[in-house]
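Thank you all for coming.

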Amino acid sequence: MTFVVKENCIKCKFTDCVEVCPVDCFYEGENMLAINPDECIDCGVCEPECPAEAIVSDAELSPDDPVDWVALNDRLSKQWPNLTKQLEKLPDADKYNRVDNPDVPDKMADLSENPGKGD
């Protein structure tokens, strides 16, 4: 079992989750975070910290989901720099947070695979 970051993170990139991670398994992209599934210890402390509800256990993933979230997080975490501290959210994060704005459309087309800055 591992935890993964899903689509709700795109264009929000809240980093509250990073601050509580005991093993520093978060990686920063330009507009999203990823969890390295090989480094995640399945503690789950990050999940309730995410204001966008973007972090879930792989046991909660639907087999009907068109995105393989474990594979995507694995691939991106190997391309992006490690992030171990909380950063400011993206400027329009509140606008794109589906928890507060459930009508925000599909965000996968907005996923940037460019790396963030990391630590």
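Let me begin with Glu39, which is partly exposed, its relative accessible area being 31%. Please keep in mind throughout that what we are looking at is a predicted model. Glu39 sits in the loop between E3 and E4, and, if we set aside residues up to four places away in sequence, Glu39 touches Val23, Asp24, Cys25 and Tyr27. With Tyr27 there is also a polar contact, in which the two side chains are joined at 2.8 Å. As for Cys25, that residue and Glu39 are 14 residues apart along the chain, while their C-alpha atoms are separated by 5.6 Å.

Several cysteines have now been mentioned, which raises a question: how many disulfides does a search of the whole structure find? The search finds 0. A disulfide is a covalent bond between the sulfur atoms of two cysteines, and the cut-off applied here is a pair of cysteine sulfur atoms within 2.5 Å. For Cys21, the closest cysteine sulfur is in Cys25, and because the distance is 3.7 Å, the two are too far apart for a bond. For Cys50, the closest cysteine sulfur belongs to Cys17, and at 5.9 Å that one is also too far for a bond. Cys21 counts as buried, with a relative accessibility of 11%, and Cys50 counts as buried at 11% as well.

The structure holds 1 cavity of 30 Å³ or more, and the largest cavity contains about 50 Å³ of space. Its lining includes Phe3, Cys21, Val23, Cys25 and Ile35, together with the residues Cys40, Ile41, Asp42, Cys43, Gly44, Val45 and Cys46.

Ser57 lies in strand E4 (residues 55-57) and is buried, with a relative accessible area of 5%. Along the chain, Ser57 and Met1 are 56 residues apart, yet their C-alpha atoms are separated by 7.1 Å. Apart from neighbours within four places in sequence, the contacts of Ser57 are with Met1, Thr2, Phe3 and Glu47.

Which strand holds Glu28, and is that residue buried or exposed? Glu28 is placed in strand E2 (residues 26-28), and, since its relative accessible area is 5%, falling under the 20% cut-off, Glu28 is buried. Its side chain makes a polar contact of 2.7 Å with the side chain of Lys13. Leaving out neighbours within four places in sequence, Glu28 is in contact with Lys13, Leu33, Trp80, Pro81, Leu83, Leu87, Pro115, Gly116, Lys117 and Gly118.

That is where I will stop, and I am happy to go back to any of these residues on the screen.

Technical notes
Residues are numbered from 1 along each chain as its sequence is written. This is a predicted model: local features need pLDDT of at least 70, side-chain atom pairs count only at pLDDT 80 or more; totals for chains, interfaces and linings use all residues. Side-chain values use heavy atoms; hydrogens and water are left out. Helices (H or I, at least four residues) and strands (E, at least two) are DSSP runs, numbered from the N terminus. Buried means under 20% relative accessible area, exposed over 50%, partly exposed in between (1.4 Å probe, protein chains only). Contact means heavy atoms within 4.5 Å. A polar contact is a pair of N or O atoms within 3.5 Å; within protein, one must be able to donate a hydrogen and the other to accept it, and residues adjacent in sequence count only if both atoms are side-chain atoms. On a 1 Å grid over the protein atoms alone, a cavity is a set of points where a 1.4 Å probe fits but cannot get out, and a pocket is an open set with protein on both sides within 12 Å along at least five of seven lines; lining residues have an atom within 4 Å of a point. Grid points are joined across faces, edges and corners, and a volume is the space filled by probe spheres set on the points.
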